[in-house]
Amino acid sequence: AQRMMPMAMAPTASRVGGVGGVAVARHRECRRRARAMSIARASTRPGDTGDGAERGELSTLDALARTLSRDEDDGVDADARAVGIGDDVANDASTRAEEVRARRVDEVRRERARRETTPEGPTTSWKPWWSPLSTVYNVPTVEPAGAYFLAMLHAGAFVADLALLKLGYGNGGDVFLKLALFDNAVVYDSQWVRCFTACLVDFGLLHFAAVNLALVTIGAEAEAIIGTSPFLTVYILSAAMGGIGSMALDPSTLHVASSDGIFGVFGAMLVYAAINVENEWNMKGFTVRLLYCGAFAAALQYLASVPTEDGGHVVNSVGHLWGFLAGIAMGYTGLSPMFTSKRFETPPEDRMNVVDVTSGPPKTFAALGALSFTILSLCVVVLLKRTLDVDPRDVF
């Protein structure tokens, strides 16, 4: 019976895979051995001889066969149960794997969405003549487009006037006269839009060259850092505030505000460097950008100091000052990024990622507030000049 046991066990044990199958087979073998030995002792008693012994042997073999048959049936049932348990375990493992995979896919999707709104690292077209990048933080940047578009509009207005003059269809300033800021046109003819279109024209070739060079250098860099929408908002509204300030406090009656918008960008970038303490983590970039702003500011201020033939200043220091202050105010209220550092994952070169905490609604509210204040200032100046017949220049 002991020699027969391993042979009977072999096909059953082979059907049970893994550690669970081996345990079931060992348990079944022990049960069969114990039952067979018990039947053998009960069937062959001492003193049995001859036919009795033969009958005892036969009954022993019959009992052993029945036992083996029952054990075989029990083994099949145990195998079925073991296979069922194995299937359940496999199903549970597959379910857990699917859950883990789904969580990973969801995390990747959320990270991709976050990077679309808050991209890390420099823009792919960071120009070599811009200020150097930080070696500590990955500053979120965008591809500049608004600064180049503004430069194209300036060039278009300038070339259009020149072409009309050469073709004999104008006096060389038709486009300029339609867009520039005239005090009387704004105050008495309600052409308020001139306060905003005056940032698209320049006065003279040198002013045109200085403004457009500033736009494609420091202006494009500023847009890459603070974003396209904040940059356009700062430039246009700073130029409008510069024109309103000139209209209120400068004796000239004709103004262009493109350089006022450039000074507003300078103010917003100064706030960006101050609130983020850029000199501590990007000293080289901060210094180079400061030198750029200083050089362009000096050139534009020199042009503002040159009077026209009638002694006026179409480009004036009052407009530059008002534009600069407007840029500082808009930058401080949320249009300049305010960063907080957070390591989402190990970035290249072990640099930390930073996030602009003013992104989203705060920037929208800041832009709407700046627009409202600009319109309110314009209303006050027009009211004093037209309705009350008071010139702010006489008051101040």
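Is threonine 374 buried or exposed? At 2% relative accessibility, threonine 374 counts as buried, where buried means under 20% relative accessible area, exposed over 50% and partly exposed in between, with a 1.4 Å probe and protein chains only. The legends below describe a predicted model, in which local features need pLDDT of at least 70, side-chain atom pairs count only at pLDDT 80 or more, and totals for chains, interfaces and linings use all residues. Residues are numbered from 1 along each chain as its sequence is written, and side-chain values use heavy atoms, with hydrogens and water left out.

**Figure 1. Overview of the chain.** The chain holds 15 helices and 5 strands; helices (H or I, at least four residues) and strands (E, at least two) are DSSP runs, numbered from the N terminus. Of its 396 residues, 40% count as buried. Among the contacts with a separation of 6 or more, 72% join residues 24 or more positions apart, a contact being heavy atoms within 4.5 Å.

**Figure 2. Threonine 374 and its surroundings.** Threonine 374 is part of helix H14. Leaving aside residues up to four places away in sequence, threonine 374 touches Phe196, Leu237, Ala240, Met241 and Ile244.

**Figure 3. Packing of helices H13 and H14.** Helix H13 (residues 317-335) packs on helix H14 (residues 361-387) at an angle of about 150°, and their axes are 8 Å apart. H13 is therefore roughly antiparallel to H14. Axes are lines fitted to C-alpha atoms, for helices over the stretch in contact, and angles run from 0 to 180 degrees between N-to-C directions; those under 35 degrees count as roughly parallel, over 145 as roughly antiparallel, 65 to 115 as roughly perpendicular and the rest as oblique. Met330, Thr333, Gly334 and Leu335 of H13 meet Lys363, Ala366, Ala367 and Ala370 of H14.

**Figure 4. The largest nonpolar core.** A nonpolar core is a set of buried Ala, Val, Leu, Ile, Met, Phe, Trp, Tyr and Cys residues joined through side-chain atoms within 4.5 Å. The largest one has 56 residues, of which Leu215, Phe231, Ile262 and Phe266 touch the most other members. Elements giving two or more residues to this core include helix H4 (146-167), helix H9 (228-249) and helix H10 (258-275), while its largest share, 10 residues, comes from H8. Isoleucine 262 touches Val211, Ala214, Leu215, Tyr235 and Leu300, not counting residues up to four places away in sequence. Apart from this core lies another, of 9 residues, including Ala157, Phe176, Val256 and Ala304.

**Figure 5. Two loop residues with positive phi.** Most residues other than glycine have a negative phi. Serine 190, in the loop between H6 and helix H7 (194-197), has a positive phi of about 55° although it is not a glycine. At 43% relative accessibility, serine 190 counts as partly exposed. In the loop between H10 and helix H11 (278-281) lies valine 277, whose phi is also positive, near 50°. Valine 277 is partly exposed, with a relative accessible area of 34%.

**Figure 6. Glycine 285 in helix H12.** Glycine 285 is found in helix H12 and, at 0% relative accessibility, counts as buried. Its contacts, not counting residues up to four places away in sequence, are with Ser131 and Pro132. The C-alpha atoms of glycine 285 and serine 134 are separated by 7.0 Å, although these residues stand 151 residues apart along the chain.
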